[in-house]
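Please read it alongside the sequence and model shown here.

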Amino acid sequence: QVQLVESGGGLVQPGGSLRLSCTVSGSIFRIYVMGWYRQAPGKQRELVADITSADNTNYADSVKGRFTISRDNAKNTVYLQMNSLKPEDTAVYYCNGVGRVAAGTAFNSWGQGTQVTVSL
């Protein structure tokens, strides 16, 4: 069974920084794509950033230049460095992983979410 565990959320003032981490555990063969999504109250879940196993990255326009996604393949971990945070970044942030387990079955799994609140 594949599990994703996030950490690093919290309360930060506008202009501040946070770093989110997400580690994937289980009998993992390969993780093709790891990503961060967010969902604010009353809004749909949206992609923030994702990164492939070849380190190709993709960002939402709203976070370009402020957020950086990276991954450590040896640790099956993805990070999201968030700088210059704005109140509109407030949301629950979810980690997502797409890949295959050792037995060959594909997975597309989510973490439980971590709250990020940007406020004075």
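## Disulfide

C22 and C95 are both buried, where buried means under 20% relative accessible area, exposed means over 50%, and partly exposed lies in between (1.4 Å probe, protein chains only). Their sulfur atoms are 2.1 Å apart and form a disulfide, defined as a pair of cysteine sulfur atoms within 2.5 Å. The count by this rule is 1 disulfide. C22 belongs to strand β3 (residues 18-25) and C95 to strand β9 (residues 91-101), so that the bond links distant parts of the chain, 73 residues apart. Strands (E, at least two residues) and helices (H or I, at least four) are DSSP runs, numbered from the N terminus. The angle about the S-S bond is -85°, and the link of C22 and C95 is left-handed.

## Basis of the values

This is a predicted model, in which local features need pLDDT of at least 70 and side-chain atom pairs count only at pLDDT 80 or more, while totals for chains, interfaces and linings use all residues. Residues are numbered from 1 along each chain as its sequence is written, and side-chain values use heavy atoms, with hydrogens and water left out.

## Aromatic rings and charges

The count of aromatic pairs is 1. Rings of Phe, Tyr and Trp (its six-membered ring) pair if their centres lie within 6.5 Å; planes under 30 degrees apart count as stacked, over 60 as edge-to-face, and the rest as tilted. The ring centres of Y37 and W110 are 4.9 Å apart with planes at 65°, so this pair is edge-to-face. Because Y37 lies in strand β4 (residues 28-39) and W110 in strand β10 (residues 106-110), the pair ties together parts 73 residues apart in sequence. Y37 is partly exposed at 21% relative accessibility, and W110 is partly exposed at 37%.

R45 lies over the face of W110, 4.7 Å from the ring centre. The charged end of R19 sits over the ring of Y79, at 4.1 Å from its centre. A charge sits over a ring if NZ of Lys or CZ of Arg is within 6 Å of the ring centre and within 35 degrees of the ring normal.

## Strand pairing

Two strands pair if DSSP finds at least two bridges between them. β1 and β3 are antiparallel, with 5 bridges, and V24 in β3 is the bridge partner of L4.

β4 runs antiparallel to β9, joined by 10 bridges; V33 has V98 in β9 as its bridge partner. β4 is also joined to strand β5 (residues 46-52) by 6 bridges, again antiparallel, and M34 stands opposite I51 in β5. The hairpin of β4 and β5 has 6 residues between the strands, and G42 there takes a positive phi near 80°.
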